Amino acid sequence: MKKVLLLLSLSLIAVFPLLAQTISGTVLSGEDNSPLPGVTIQVKGTSSGTLTDFDGKYQLKAGSDAVLVFSFVGFITQEVPVGSQSTIDLTLKPDFKQLQEVVVVGYGTQIRSEMTANIATVSGKDLQNIPVPTMEGAMQGRSAGVFIESSSGKVGQGMKVRVRGAASLSASNQPLYVIDGVIMNTADLSSNSGATNPMADINPNDIESVEILKDAASASIYGARGSNGVVIITTKKGKAGDTKFNVGYQVGISNPTRKRTFLNASQYMELYKEAMLNDGYTQADFEGEMDFLSLGTDWKNKAVDTDWQSLVFPKNQGFQQLDFSMSGGNEKTRFYVSTNYTDQKGILIKNAFQRISGRVNLDHTINDKWKIGTSVMYSKSFNNRAASDNSFANPLQIVALPPISPARKADGTSYDTPDGLIYYNPLVEVENAHFFTNVNRVINNSYLTFNPIKELMIRGEFGMDVLSQNEDRFAASNTESGRGARGTATGQNRNTVATSYISKLFANYNKTFAEFHNVDITVGTEYQFGKTEYTDVQGQAMPDAIQKLVAAGQITSGTSFLTQYAFLSYFGRVNYKFNGKYLLGVTVRTDGSSRFGADNRFGTFPSASAGWVISEEDFLRGNKTFSFLKLRASYGLTGNSEIGNFASSGLFSSAAYGLLGGLYKSQLANPALTWEKATQIDLGIDFGFLDNRISGEIDYFSKESTGLLLGVPVPGTSGFRSTTQNLGGLKNQGVEVVINTNNLVGEFKWNTSFNITFIKNEVTSLGGQTTIDPGGARTMNVARVGYPIGTFWGAPYAGVNPANGNAQWFNADGTKTETFSANLYTNLGSPNPDFYGGLTNNFSYKGFDLSILLQGVSGNKVHAVGDQFMFTQFGNGADNQVAEAMNRWQKAGDITDVPRATYDGVGGGFNTRSSRYLYDGSYLRVKTVTLGYNVPLDFAKKYKLNSMRVYLTAQNLFTFTAYKGWDPEVSADYLTSGGTTAANLTQGVDFYSVPQAQTFTGGINIGF
């Protein structure tokens, strides 16, 4: 009997597959009814299953009593009994809890809906394939509260980033950058006043996400270095699955966004003659001047009409970039490997930037308790740099040369001052000098984590940032510097190595108690040691043919330098959540630093925050209008430690006496010197309407900095002029608005992201002083109590006296005067915008996609200092003039803002400490436009490809502005480099600064 039953059972098992039926169907997304590829369909209780294809279709066999389980990340898993069905179509509903954004915070992650802090996120996808050398350039206009400005269009140049305004007068205002847990060295290491940009070493295509910690609740976990905000960069990681390869290539051209219009030869001679005759000179005097300026050419017949500007802006400068990456792994080991090559020719002649980089990110699970991993980046960059803006060697200063002067001799060499040119010809510098900067950089972070229990994670990390920068300069004997060295070639070589090591140990405990109470606790310690050292050698009497210092006949200068610092920190954070709707966060960090006085070596920086998820309350839960609603509030203290390494110390400096080295006391000690501190309040609301078709946030913030480091005068009998003390204050307050909308869903999709920031800055205290004036001969930025940092303080221009054509200024009572005086000085405006923002629209239809980013600022002023030479109707020299100069006053009764032409400067009003050359710097820029096409999968598969995308991108496509200069996005590099009071104040100045580049590229990405 047992044998019979056994045979019957085996027969039924053998027959069962014959009873199974073929089931097919299509799975759609409940968000937009589009097909869902990669959905797992499994016969419940068995290992049998399949995946949907690119069109969301599937097919498998199952018995009539089987249950199919449909699952996909971000969607609610559904079970469907087969029964008699042969076709099962299904629409999966989104699981909004799964889809909630995970945000990287300091030493951990959080779900955005549960955050009580304000953190802006920029996806790595938004930064990829943008034709700019640095990530900051690609981030412009994408985050509320984050103001990004390029000082000029020179490639590889430093960029200004302000998170909720400037927080310091004399220390750095740049945010703290953290990449994969390593605090980056972002100091300016340049040997000249044109800052380089250490962020240019990072390949933007490696970035997974960028988080900007803006308020104290988020930034206080970084304590003494959080006042300027924190930018956390997370690079891509490998995922378990098949190895995926991606190759991308793009190529394009760049030109200036704008050129200024200068006088041609006829206009130049007309205006020059008028200027001389106005001031009593004769026709013969004029002809003598023309003979001199034309270098003997036939100026009367206009034999020469040189467009000098076009000579330093070559057309269609090339851009190309090649990227390769692969990623994959299994449940044990995941990897991401990439390499990048970027070659960008600047719009300014000879200026160029190249970078080659590689990255390896590796994560390995040893067992269920131990994990290990590492992230390694190597980058090598080359920058063929231009001279700083305030230099005759700056190619753009060529526009000062008269159009009647020829550029080249018959033999093809450039005319110069020994030949009769009134100024040094920058083409001589371009053709006979170089300024090369080579950077090698390694950033590495390795970690080991231990999970003794499910709720507890202990993590140790060790990271380093090693940057080696070599600057090599050479100027031949016929250059300006060569002539200054008795007609011999000069050279300089400077090698700088900046090294930083950081180790940390921290633990995270996350547990839910009694169903409603969740506690997330992080505690840890961190130690960082950094040092910078350089050697600098300069020489002259070199033969032009040998451009290295080995050939120098005389070493004129040689020096070496070493500076170092250390931080020791302890930190903790507790986040508490009750019933998923009441949120509380507390953070505290204690930092000790070698930079501060012995009496104040350690500082403590706490913060507290709270949130209420109103949409989880019974009276709103399930509401069809309010999908999400949360109130947030935070208050905390952060610090600024970027003041240099020895500000608190009594210092000695070296001095030679005879043939012996000596020392002299150069700085008074201040053992009480400590951190600059910033207290910040943030009140915010996060919202979502109509199933989050409309979402966003609104925040009010107030950030007040106190204890600013200022130089305080001391009696001259002490042998010193000043000592550094904690005095002064700044305040920034404003409102941020972010709105995201899904305007259209379905086959044609359209979504919009909008952000705007209204901000007001005010100097609240200067330690008893009323005004700090850096004292520039041409600039007029000051710090003045009650006004924004960098306020333009000068005489208000009142136009031209119609009776005589002389410039006028306003007195305090509103009357006009032709006498320029410091007694007229008043507030003329600020380089800081009243508001700034961005608007992104993304469209897609079938395989096509279009993205348009608008970015702009409003309310700021730009001081065009260079106009004192090119817009004075020859009142300040024989420089060529801009076309607007032809609108000058010519006869009594003329109404114009442009004074009379003048050879001697009579009544010309070219003093730059006035509003005559102060213009509205507001602009709206069509920043990035990308049109792409994703090749159909069926076509790609024919060539064994997973994906193929082709695209066209335009960067800085249009700029709408009333600014009269080259570009409103400007701050002259020679004034803004370094973290000094003068550099922080002297913003918004244009002095022959290169405009931004307009770039068009085409590219292709292939995945296989």
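The expected span of a helix is 1.5 Å times one less than its number of residues. In this predicted model, that rule can be applied to helix 5, which covers residues 265–278. Helix 5 has 14 residues, and from its first C-alpha to its last it reaches 20 Å, close to the 20 Å expected at 1.5 Å a residue.

The sides of the helix may be considered next. An α-helix has 3.6 residues a turn, so residues three or four places apart point the same way. In helix 5, the buried residues are Ala265, Tyr268, Met269, Leu271, Tyr272, Glu274, Ala275 and Met276. Against which element do the buried residues of helix 5 pack? Their partner is helix 6, which spans residues 283–293.

The phi of Lys302 is positive, near 55 degrees, although the residue is other than glycine. Is Lys302 buried or partly exposed? Because its relative accessibility is 43%, Lys302 counts as partly exposed. Tyr992 likewise is not a glycine and has a positive phi of about 55 degrees. Tyr992 is placed in the loop between strand 51 (989–990) and strand 52. Tyr992 has a relative accessible area of 4% and is therefore buried, since buried means under 20%.

The strands come next. Strands of a sheet pair through backbone hydrogen bonds, either parallel or antiparallel. Strand 1, residues 21–29, takes part in pairings of both kinds. With strand 4 (residues 57–62), strand 1 pairs in the antiparallel sense over 6 bridges, and Ser24 stands opposite Gln59 of strand 4. With strand 7 (residues 90–92), strand 1 pairs in the parallel sense over 3 bridges, and here Leu28 has Thr91 of strand 7 as its bridge partner.

Another part of the chain holds an open sheet of 3 strands in the order 41-42-43, with antiparallel pairing. Which strands form the edges of this sheet? They are strand 41 (797–800) and strand 43 (816–817), each of which pairs on one side only. Strand 41 is joined by 2 bridges to strand 42, residues 807–810, and the two run antiparallel. Across this pairing, Tyr797 stands opposite Trp809 of strand 42. Strands 41 and 42 also form a hairpin, with 6 residues between them. In the turn of that hairpin, Gly805 has a positive phi of about 80 degrees.

Rolling a probe the size of a water molecule over the atoms shows where empty space is left. In this model the count comes to 9 cavities of 30 Å³ or more, and the largest cavity has a volume of about 300 Å³. The lining of the largest cavity comprises 24 residues, with Val132, Pro133, Ser150, Ser152 and Gln996 lying nearest its centre. Two or more lining residues are given by each of strand 19 (333–345), strand 50 (947–961) and strand 52 (997–1007).

Note on methods: Residues are numbered from 1 along each chain as its sequence is written. This is a predicted model: local features need pLDDT of at least 70, side-chain atom pairs count only at pLDDT 80 or more; totals for chains, interfaces and linings use all residues. Side-chain values use heavy atoms; hydrogens and water are left out. On a 1 Å grid over the protein atoms alone, a cavity is a set of points where a 1.4 Å probe fits but cannot get out, and a pocket is an open set with protein on both sides within 12 Å along at least five of seven lines; lining residues have an atom within 4 Å of a point. Grid points are joined across faces, edges and corners, and a volume is the space filled by probe spheres set on the points. Helices (H or I, at least four residues) and strands (E, at least two) are DSSP runs, numbered from the N terminus. Two strands pair if DSSP finds at least two bridges between them. Buried means under 20% relative accessible area, exposed over 50%, partly exposed in between (1.4 Å probe, protein chains only). Contact means heavy atoms within 4.5 Å.
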